[in-house]
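My entries follow in the order in which I looked things up.

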Amino acid sequence: MHKDSLTIHLIGNAHIDILWLWKWEEGVQEIRSTFASVLDRIEEHDDFVFTSACAYYYELVEKIDPLLFGRIQEAVKSGKWYIVGGWWLQPDCNAPSGESFVRQGLYGQTYFASRFGVIAKHGYNVDSFGHHGNLPQILKKMEIDTYTYMRPGEHEKSIAKSLFQWKGIDGTKVMTFRIPPNYNNASDWGEGLKAKIDGLRDQAEKESIPLMGFYGVGNHGGGPTKENLRTLDTLIDEDDSIGYSSVGRYFSQIITAEGLPIVEGDLQFHAIGCYSAYSMIKRLNNSAEHLLMRTEKMISVLSAIVEPEKGSYKIMKESWKKVLVNQFHDSLGGCSIPEAYDKVIQSYGWAMESADTLASLSLQKLASRVRTFQSGTTLLVWNPHPWKVTECIDINTVPTSIVNETGDDVVFEIVPTNSIGNEYTHAARVCVQAPPLGYAAYQLNDTQSRLASEQLRSLQYVRTTTNVIEAGTFSCEIDQETGAIVSLRNVINGKEYLGPKGIRPYVVDDDSDTWSHALCSYRGKRTPMQLKSFQMVSSGPVSTEYEVTYQGEHSLVVLRLKLYQQLDYLDLSTRVLWHEHQKLLQLVIDTPFGDEEINWKTEIPYGAIARPKNGNEYPVQRWSWIGRKDGVGLLVINDGVYSASAEEGALRLTLLRSPIFAHHEPAHPRPDLYPRYMEQGEHQFLFRLIPQGGERSGTNDFGRAALQFNQRQQVLLESIHGGELSLSSSYCELEGDASLIISTIKRSEADDGWVIRVFESSGQEARGILHLRWLSISKQIVQNSFELQTYFVSDTSKSILECNLLEHPSR
């Protein structure tokens, strides 16, 4: 019998890591065996209730064992099996993009509704290593009312009560429960479990609120055992304020609780090492997310012009699911065994190749219908963003001239490629402009794959004698002794954006384990890498490019700097040849702004947050801004670096770490064997530094700049032919405030219309006009600070309606 009001709600669960200290295949088997064991306990015990999340796990069981799946459906229907979470699985809750979090809920909730007739009302990420500050809004907009988590624990983040109101960056609140002391543990079977429940009773009395008490064997699966249930039956007989329950029943009892603490922003820290461990996987994740978003936008807006590939939308959904599975907290967090990552790398490859093929075929189909220039070669440039974009690109050919659609000459220069031979050793570098979410064309005359001998002689570079790089609005200076980039100066107004220590790679001693347990910052010995050489790569009317090489004890960093005549930023390409152990690599960017007068802001999923400048490591996404309160500062964009700190006026980007794979303190490796260290070999990171404040030195559209950097223009060289399409066209535009960003355009899950997702990225009210030109409709929109809004256009109407993240009509 259930008592109406409980002090301790007993939550039977089985946390299952699909991979971690084992491979995916073993994790799948553990899901099956755990679910079967749980169903046996349900049949044996009248009051036992099981709580479980992760739609992906159910889908696997459905595919492998339909009979077992049918038993689960019956248990859900009877109320003995309680579905929580609503997401595809329990991901890392810092690193994925905002759109990845949306897809977790969209695909998870859609699956639960279709197979069980329910959606989860209670968010559930019990093992994730921290939780970003925009989750409350995302949860609420996927019809999830509460949130349950465990990390960071009481020893890592002080909160007055286990139950509190979590307030996100947009002001949304969600009732949240932190699990004390853990979600499950293999030792909590008999006496250990009794002691745990006794401790929870004391804590509930101290906090003056009911608590949930989680039990069951987990991580490698297992679930509640017979001994667990015998122990709990005895405790319940002795105290009827303890009872078998579910997450839903708990929140139903306390939903009207008053006087709860309010916690604002992120829930951090736990395992800061997971922000940077296994950087290759993190960069694959970033590349996959942006490729999928770019491709979806493209095939959606071109659907009225060119026939999409058969099954395109299904392929995109399956590609997203591959990425979502790879975002599992132990996978994207970089803390699994090396053998587990073979599957992860294959899955990212499958998703990216599938999306890239769809995008490439779509561009080819579009190009085949464009009436090209009737002489020379036509360069088609596709812009994936709903605003006009000017970017510098390298074309794998060398023309004698380039002209735009109106016949104006376009300046270009010849630069070396990575080919060392007789052909394709040089490319044409040119700045091209394309209209919003559309294409433009340029004419290339007399293209050739090799240079004449006199052209080659004119491009032979002698060893660089100057350490000053100049192009357009900005100049850079390389310190000839240290190699640090000690100046980034606006030559028009004289404003300096780098401090005296400049930009330089540092190697930092790091003897922590894979997770960097118990750390908030990296305070080991910091050793600047030493200058080996610097050399001009190329210089012309479009750009000036230098290469600086730094030497560490066992490693090299090769830094390419690129300034442009027409574009007001500095691009950095960082190639790392890493052979260090128990160390980390940081790219340090020193600014001229005093620590007291500066702010540090970073992107988080579909938003941004201010960070303390205390040297602690924080999760970051595609951009960081460091600068004065009056807006003068430096915007730093990256292509997949998720860890950074700020202190003493400097931004420190943690590029990679080399602990031992899956090393968990206090264990130590065998001294007679050679352990496997992380990150050994070659890596590449890309950065863009955009000065802010002052004449011609950038704007405040940080989110747009970061998307533009990570979702590059697509280009195609096309031969002469006729066609019904013009040399340029735009299919979608978002006019108005630059902080409004379209992140997603996709086919609806019901295949009955189009979904457009817009977010406000700067933290202030914004207004704009949404032009869906491929549908011939427009709408004025207003969005509040950091508001995430989803719009729906039905195939049968010409109106743009608001909907939630599950694509249900907004209430």
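Entry 1. I asked which element gives the largest share of the lining of the largest cavity. I found that α9 does, with 4 residues. I note that the model is a predicted one.

Entry 2. I then looked up which elements supply at least two residues each to this lining. They are α4 (98-116), α9 (279-301), β27 (598-604) and α14 (702-710).

Entry 3. I sorted the lining of the largest cavity by residue class and recorded 7 nonpolar, 7 polar and 4 charged residues.

Entry 4. I looked up the volume of the largest cavity, and the computed space is about 180 Å³. The cavity is lined by 18 residues, and the closest to its centre are Ser-97, Gly-98, His-290, Glu-603 and Leu-707.

Entry 5. I asked how many cavities of 30 Å³ or more the structure holds. I recorded 7 of them.

Entry 6. I turned to the second largest cavity, which contains about 120 Å³ of space. Of the 15 residues in its lining, Ala-14, His-15, Ile-16, Ala-53 and Gln-90 lie closest to the centre.

Entry 7. I asked where the largest share of the lining of the second largest cavity comes from. Strand β2 (residues 50-52) provides this share, with 3 residues.

Entry 8. I sorted this second lining by class as well. The lining of the second largest cavity has 10 nonpolar and 5 polar residues, and I found no charged residues there. By contrast, I had recorded 4 charged residues in the lining of the largest cavity.

Methods
Residues are numbered from 1 along each chain as its sequence is written. This is a predicted model: local features need pLDDT of at least 70, side-chain atom pairs count only at pLDDT 80 or more; totals for chains, interfaces and linings use all residues. Side-chain values use heavy atoms; hydrogens and water are left out. On a 1 Å grid over the protein atoms alone, a cavity is a set of points where a 1.4 Å probe fits but cannot get out, and a pocket is an open set with protein on both sides within 12 Å along at least five of seven lines; lining residues have an atom within 4 Å of a point. Grid points are joined across faces, edges and corners, and a volume is the space filled by probe spheres set on the points. Ala, Val, Leu, Ile, Met, Phe, Trp, Tyr, Cys and Pro count as nonpolar, Asp, Glu, Lys and Arg as charged, and the others, Gly among them, as polar.
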